[in-house]
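Reader: I have a model open on my screen. Can you show me how to read it, feature by feature?

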Amino acid sequence: MSVRTRFAPSPTGYLHVGGARTALFSWLYARKMGGQFILRIEDTDRERSTEESVNAILESMEWLGLDYDEGPFYQTHQFARYKEVIQQLLDSGDAYFCDCSRERLGELREAQMANKEKPRYDGCCRDKKLAAADNTVVRFKNPLEGDVVIDDMVKGQVKINNRELDDLIIERSDGTPTYNLTVVVDDWDMKITHVIRGDDHLNNTPRQINILKALDAELPVYAHVPMILGDDGKRLSKRHGAVSVMQYKEDGFLPEALMNYLVRLSWSHGDQEIFSREEMIKLFDAVDINTSASAFNSEKLLWLNQHYIKNKNPDVLAQQMQNYIKNAGYTLDNGPDLTAVLTVFQERCNTLVELTEDIRFLYQDFDEYNAKQAKKQFKEATLPILESLKQQYSGLDNWVAEAIHQVVENTVNTLEVGFGKVGQPLRLAVTGHGKSPSIDVTLELLGKEKTLQRLEQAVEYIKKVSD
RNA sequence: GUUCAUGUAGACAAAUAGGUAAAAUCACCGCCCUUUCAAGGCGGAACCUGCGGGUUCAAUUCCCGUCAUGAACGCCA
């Protein structure tokens, strides 16, 4: 039988990196096994579910390239089916109506807690054979004895005694089904063979297995993957900065870098750190997922992002840069060819946003210099150097790197100064900061006209500051 | 509180079926390269495997206890 996995987020917010990693593992397993990956939106919490969140999840998955073969399915469209299954359980005697008030339940819980017991429903209505009424809920009749055994692909064998479980509610008094019932029904109906999800669900699994057994349904294989924590070891939350997948896109990360980073959390393949999409699929196996939670480390993500930007085809990169440049508020008009620029700039940045700022000076004039750099490089003594450069460059017709370099070389020799004394002020004069590829190719890209103009601007600036 | 899960350097993580001075990678430090910023090369520091017992000739790997963290115990998912 073909493998079928699913990702089942509830649309109560954006897709965060933890959810994305769970989706990734689930997707990888399906792809590796040549099976199907299904997307199911668990939107039965009507209070908190929003369409906006659904869209955010869909958009995030598309950006990451986590394509699904079926879905998205919505649980809110399946209410009739849940009703049907609940009725089936009622008919078979595996479920019953309960009219215990919330007050009674509350008191029961408090008494149990005070008694240092695990709070559980006491089965008050279990054998009352109550009929449906306005205020009744339906409870699942959990077995009283015996162990539930989970053969988890990542956690190994986990055994839980039925005495730890109680008769959970599967239908609320308003007639809607609860989570543990809906997952079971959907996974069953969708013929999910491998339930790959966060290990925060491990405790729910025995209940779900019991329902599945009552339904005489075949059990799926479970794989409970560890959580991702924030870099402080605490649970991931908004205060950890960019935890939303789309935020990483905005911040200039490449989807392949994020995917590569996420796949290495709780999973490894020997020494290998870099995995293409194809390699992940080929090498991934759920049994190689380790059992412990991991912390999200932004610095390593940055390193991977740099790696992927550095090795990206400049033409493709140029395409991707369009939006970032637009957002940065400048245009490519009257500037050098972007692909040519990226070819020499792409290896010296961590993110696309950073890259966008690095190349800005080629397309947009500026009137301020990096203060620290200006203080260091723009001294009175540099005036003659810049003026000499300006003069030589204005007479240079063959505007190519080699010739440009020759001018710097001449200046170094005739003025008898070090290379740094010429190159650095020159770089600052044309870029406004001090970060660029070698100065000759930088100037070639900038063009003669702008170079002269910026040299003039720098000379004026130094004169003004020196006064 | 009860139950379940987890605990190897700052982070990620490896260590054939227990095997004998605990890999790799990111970060950090130093050196080389260098026209800035990077990249790259070389080297270094850092864990005695949460802690305490036990089994064994030998334990990160098995067992018990303990501590810490997380999860479940909801008419949330």
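This is a predicted model: local features need pLDDT of at least 70, side-chain atom pairs count only at pLDDT 80 or more; totals for chains, interfaces and linings use all residues.

Reader: What is the strand order in the open sheet of three strands?

Author: Start with the terms. Helices (H or I, at least four residues) and strands (E, at least two) are DSSP runs, numbered from the N terminus. Two strands pair if DSSP finds at least two bridges between them. Here the order is E4-E5-E8, and the pairing is antiparallel. Strand E4 (95–98) and strand E8 (169–171) are the edge strands. Each has a single partner strand, so one side of each has no neighbour in the sheet. From one strand to the next, the twist averages 45°. That angle is taken between N-to-C directions, on a scale from 0 to 180 degrees, with axes as lines fitted to C-alpha atoms (for helices, over the stretch in contact).

Reader: How many bridges join E5 to E8?

Author: Two bridges join E8 to strand E5, which spans residues 137–140. To find one on screen, pick Arg139; its bridge partner in E8 is Ile169.

Reader: In which sense do E9 and E10 pair?

Author: Strand E9 (residues 194–198) and strand E10 (residues 221–225) pair in the parallel sense, over five bridges. Arg197 stands opposite His224 in E10. E9 is mostly covered, with five of its five residues buried. Buried means under 20% relative accessible area, exposed means over 50%, and partly exposed lies in between (1.4 Å probe, protein chains only).

Reader: Now a helix. Which residues of H4 are buried?

Author: Check the length before the sides. The expected span is 1.5 Å times one less than the number of residues. Helix H4 (residues 102–114) has 13 residues and reaches 18 Å from its first C-alpha to its last, close to the 18 Å expected. Its buried residues include Leu105, Leu108 and Gln112. These cover an arc of only 60° around the axis, so they sit on the same side of H4. The arc is that of the directions from the helix axis to the C-beta atoms. On the other side of H4, the exposed residues are Arg102, Glu103, Glu107, Glu110, Met113 and Ala114. E5 is part of what covers the buried residues of H4.

Reader: Where does Lys116 lie?

Author: Lys116 is in the loop between H4 and E5. Its phi is near 60°, a positive value in a residue other than glycine. Lys116 has a relative accessible area of 79%, so it counts as exposed.

Reader: Is Ser266 buried or exposed?

Author: Ser266 is buried, because its relative accessibility is 4%. Its loop runs between helix H8 (255–263) and helix H9 (277–283). Phi of Ser266 is also positive, near 70°.

Reader: What do the buried residues of H16 pack against?

Author: They pack against helix H15 (383–394), helix H17 (419–431) and H18. Contact means heavy atoms within 4.5 Å. The buried residues of H16 include Ala401, Ile404, Val408 and Val412. Helix H16 (residues 401–415) has 15 residues and reaches 21 Å, close to the 21 Å expected. Just after H16, Glu416 takes a positive phi of about 55°.

Reader: Which residues does Leu445 touch?

Author: Leu445 lies in helix H18 (residues 439–446). Leaving out residues up to four places away in sequence, Leu445 touches Pro336, Ala340, Val341, Val344, Phe345 and Leu362. Leu445 counts as buried because its relative accessibility is 18%.

Reader: Last, the domains. What does the assignment give for chain A?

Author: Bounds of this kind come from an automatic or database domain assignment. For chain A, the assignment gives domain 1 (312–360) and domain 2 (371–466). Their centres, taken over C-alpha atoms, are 23 Å apart. Eleven residues of domain 1 are in contact with six residues of domain 2.

How values were computed
Residues are numbered from 1 along each chain as its sequence is written. Chains are lettered from A and ligands numbered from 1 in the order in which they are written. Side-chain values use heavy atoms; hydrogens and water are left out.
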